[in-house]
Amino acid sequence: MFDTKEENCKPFWGYRPTTAGGRDPLAIQNSSVVIYSTMIPGITNLTNRVRYMGFYCWLLNELLRIQDAKKTKTVSLKEQIEYIRRSELLLAYVMVHLYNNVTGVGGSNYASKHLHDNSDGVNLIAGQKKYWKNSLGVFGQYYIGVMFRLGLISPPDDEHSLYRVTSIGDELDNKFKENISEELSSLFIRSIYKGYCSFENLDRLGVFALHNIPVSQELNQYRQILTGSDANFVSMKTYNRLATFKLILNYIDKNNVYNNNSVLPFLQNNFLNVINNNLDVSNERLFWFIYELNELVHSAFEAFHYGLLYKTSDDPLPFEYVIQSIETDVNEWCQENNVRLINDLNLKCNIYDVYHQMIKCRNSSYKMCIAMHLLYILDKIISPYYQKLSDMMIADETLSHFGYSPILLSTLITKDKDTGIETFIYNSIIRAINIHTKSSFEKSSIDKGLVNNYLIDSGYIWQLRRTESIRTTPRIKNAIQYMIDIHWLSTKDNMLLLTVDGKKMINGYDA
């Protein structure tokens, strides 16, 4: 007898498989992530404003100060998080009310939509569970990790039930309070306890603005934290974040850099600089070079994965038919460019001309051909340095991850330059299929679904989901935003400019 729908007791393989999200179909991007995480620790792609850290140190201590003054029972972790959430929402309302164009404010989308729900003020209780999906709020989702790494807070443990501020965090709290009068501090706290704030009081709370740090000891404290060691809980001190700050400032000082287009030009400039200096450069330059080399090689290799994916459909197609369709396109590309063998490729082309040609190409088969061209140009450029780069991987575990570009590139490239273009493309597609299949099954689970982009079985291939190739995001944009917030950089007509203090930072710096 068949199971009824209500009984729902069929085994898991009886269900239609679901698919989960994912942006790394070949499982190679972690080799880039570990590099930028090492070079810019204490900042993530989602911690957009440095003043959040001062705000949280002040808030955590303020809640405890009020509790001690009232001699009330110990606040539970649940209550602490509830007040943190209300505070984040109140801060978001302040920002959208007074500074609606400022970015990087958690909860601002909700606050913008509900700012005028009431005629005389904002209701924090009504919105505290809706403005942010994560139960721990912006604090829990984005800032706990970086503030712990920077030595500002400690998480709950066996002896302490609450998040609490360290001695370093206390210093930041004290400096933050110097720019917030007792009257306005009390007003903010009363508002979150009450769960309501009038528009008149929102006007008065502008001193909490995240983008406007006064020239003060608070400002100096952020600078001291960000120029300090990368992590306060390790014995061996490193200063990669400071070195990267100086490298970015040095680049901006010597070039016309726009705030909305700063990351890729910086990486490209550094990449070419390192090549021109035969890799005989500072450690920070070399690591950012390897990061960009990873991204170039990864983008090229992923072109074979996506080139196959975009030839598939929701309906099963014969695998050989799809391959023949690709081969037809490849032959057309070869005829248009007068090439037949690897040896026919022009390896003197500019790297980034070829890279941008690959990115802009809409024909997925042609894109694979251009990706092949890019791989061989990169191989020619770094071939004199393969041994040095391999030794670096052995010496530094940061680089010892699958996808490390010098090793990956050496496996993709065939040294037989008489190999036909079609053969190389086919072999690269098969390699991409094998890696995608292996990594997808490793990441898939019964409860979360499949992460495969496609399935191949019995001579057929069909598409499960269509995704796009995306570079990793290396925290540089937020590093620049932090340097704007702490007055090392300013903007004029979207152009990034060093301030007097920013110039002092790179005075005598030679990367």
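This is a predicted model: local features need pLDDT of at least 70, side-chain atom pairs count only at pLDDT 80 or more; totals for chains, interfaces and linings use all residues.
1. Helix α15 spans residues 351–360, and its buried residues are Ile351, Tyr352, Val354, Tyr355 and Met358. Viewed along the axis of α15, these residues fall within an arc of 160 degrees, so they line one face of the helix. An α-helix has 3.6 residues a turn, so residues three or four places apart point the same way.

2. The other side of α15 carries Asp353 and Lys360, both of which are exposed. As for the buried residues of α15, their cover includes α12 (263–276), α13 (283–309) and α16 (364–382).

3. The N-terminal end of α15 is capped by Asn350. A side-chain oxygen of Asn350 is placed 2.8 Å from the backbone nitrogen of Tyr352.

4. The largest nonpolar core comprises 161 residues, among which Tyr143 and Phe304 touch the most other members. Helix α13 supplies the largest share of this core, with 16 residues.

5. Once neighbours within four places in sequence are set aside, Tyr143 is in contact with Leu46, Thr47, Asn48, Arg49, Tyr52, Met53, Tyr56, Val138 and Tyr482.

6. With residues up to four places away in sequence not counted, Asp329 touches Lys311, Asn363, Ser365 and Tyr366.

Conventions: Residues are numbered from 1 along each chain as its sequence is written. Side-chain values use heavy atoms; hydrogens and water are left out. Buried means under 20% relative accessible area, exposed over 50%, partly exposed in between (1.4 Å probe, protein chains only). Helices (H or I, at least four residues) and strands (E, at least two) are DSSP runs, numbered from the N terminus. The arc is that of the directions from the helix axis to the C-beta atoms. Contact means heavy atoms within 4.5 Å. A polar contact is a pair of N or O atoms within 3.5 Å; within protein, one must be able to donate a hydrogen and the other to accept it, and residues adjacent in sequence count only if both atoms are side-chain atoms. A nonpolar core is a set of buried Ala, Val, Leu, Ile, Met, Phe, Trp, Tyr and Cys residues joined through side-chain atoms within 4.5 Å.
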